[in-house]
Amino acid sequence: MFIDITLKITPKLIENVQGSEVKLLTNNGHIGTHFDVMDKEFPLEYVERPGIVFDVSGVGTAREISTDDIDLSKVKADMFVAFYSGFIEKHEYGTQAYFSGHPHLAVALIEELLARKISIIGVDFAGVRRGQEHTPMDQRCADRGVFVIENLCNLKTILGDAPAAFFTANTYPINYTGMSGLPCRVVAKM
């Protein structure tokens with residue numbers, strides 16, 4: 001079974017992004033499901049990766065998602081590690097609340113994922129860190145060979161009622177060059 005975990009781009013979705021932000025985001029590849037390339041090239045071997053999604057929906061936004069919220073023993077090298085918070089289902093993509101009030105991963109959790117030499121971190125919100133910490137952390141990940149894919153959806157379909165679920169992640173970035181973000185399509189194979 002295949003599950004598309006890519007956010008559909010619609011005229012309404014683009015309308016949600018306010019004013020000049022639309023042009024800035026779309027012209028630089030940061031609309032919908034995408035990753036920030038951070039001066040790196042997406043390796044073709046990352047197109048297919050063993051994946052795992054963790055249910056962190058109980059954490060909310062009051063605190064960071066930490067290493068205590070997932071079973072790190074399930075995370076292996078070269079994986080696509082996704083986090084289901086349910087945020088994209090509760091807050092419409094493109095709104096101010098979506099971009100500024102989203103959950104985020106604790107730095108210690110990100111560092112642990114990097115140490116395990118994973119390939120991709122996927123989230124169903126606007127970034128692994130908020131505000132001024134967003135870009136530097138994306139760069140830190142990219143410098144370690146890890147790409148961050150933002151604005152995933154349908155992760156609950158993979159999880160069902162489990163706290164974590166394995167799948168095969170197929171990630172297909174648009175073949176843009178010279179852009180700071182790359183829209184991509186991500187399909188989970190169960």
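This is a guided tour of a predicted model, stop by stop.

Residues are numbered from 1 along each chain as its sequence is written. Local features need pLDDT of at least 70 and side-chain atom pairs pLDDT 80 or more, while totals for chains, interfaces and linings use all residues, and side-chain values use heavy atoms, with hydrogens and water left out.

**Stop 1: the nonpolar core**

Select Phe-54, Val-81, Phe-83, Leu-105, Leu-109, Leu-113 and Ile-121. These have the most contacts inside the largest nonpolar core, which has 35 residues. Such a core is a set of buried Ala, Val, Leu, Ile, Met, Phe, Trp, Tyr and Cys residues joined through side-chain atoms within 4.5 Å. Buried means under 20% relative accessible area, exposed means over 50%, and partly exposed lies in between (1.4 Å probe, protein chains only).

Now colour the elements that supply this core. β3 (48-55), β4 (80-84), α3 (87-90), α5 (107-115), β5 (120-123) and α6 (134-143) each supply at least two residues. The most come from α5, which gives four. Helices (H or I, at least four residues) and strands (E, at least two) are DSSP runs, numbered from the N terminus.

**Stop 2: aromatic rings**

Show the rings of Phe, Tyr and Trp (its six-membered ring); two of them pair if their centres lie within 6.5 Å. Planes under 30 degrees apart are stacked, over 60 edge-to-face, and the rest tilted. The count is 11 aromatic pairs. Why is the pair Tyr-93 and Phe-99 edge-to-face? Their ring centres are 5.5 Å apart and their planes stand at 75 degrees. Tyr-93 is buried, at 4% relative accessibility. Phe-99 is partly exposed, at 29%.

Next, select Phe-35, Phe-42, Tyr-46 and Phe-147. Ring pairs link these four into a cluster. Keep Phe-42 on screen for the next stop.

**Stop 3: the second largest pocket**

Which residues lie nearest the centre of the second largest pocket? They are Glu-41, Phe-42, Asn-175, Tyr-176 and Leu-182, out of 15 lining residues. The pocket holds about 310 Å³ of space. Its lining has nine nonpolar, three polar and three charged residues.

The search uses a 1 Å grid over the protein atoms alone. A pocket is an open set of points where a 1.4 Å probe fits, with protein on both sides within 12 Å along at least five of seven lines. Lining residues have an atom within 4 Å of a point. Points are joined across faces, edges and corners, and the volume is the space filled by probe spheres set on them. Ala, Val, Leu, Ile, Met, Phe, Trp, Tyr, Cys and Pro count as nonpolar, Asp, Glu, Lys and Arg as charged, and the others, Gly among them, as polar.

**Stop 4: the cysteines**

How many disulfides does the whole structure have? The search finds zero, taking a disulfide as two cysteine sulfur atoms within 2.5 Å.

Select Cys-184, in strand β8 (residues 181-189). Cys-184 is buried, at 5%. The sulfur of Cys-141 has its closest cysteine sulfur in Cys-184, 15 Å away and so too far for a bond. Cys-141 is buried, at 0%. For Cys-153 the closest is again in Cys-184, at 11 Å, also too far. Cys-153 is buried, at 13%.

**Stop 5: two positive phi angles**

Go to Lys-117, in the loop between α5 and β5. Its phi is positive, near 60 degrees, and it is not a glycine. Lys-117 is exposed, at 59%.

Finish at Asn-154, in the loop between β6 (147-150) and α7 (155-159). Asn-154 has a positive phi of about 65 degrees. Asn-154 is partly exposed, at 36%.
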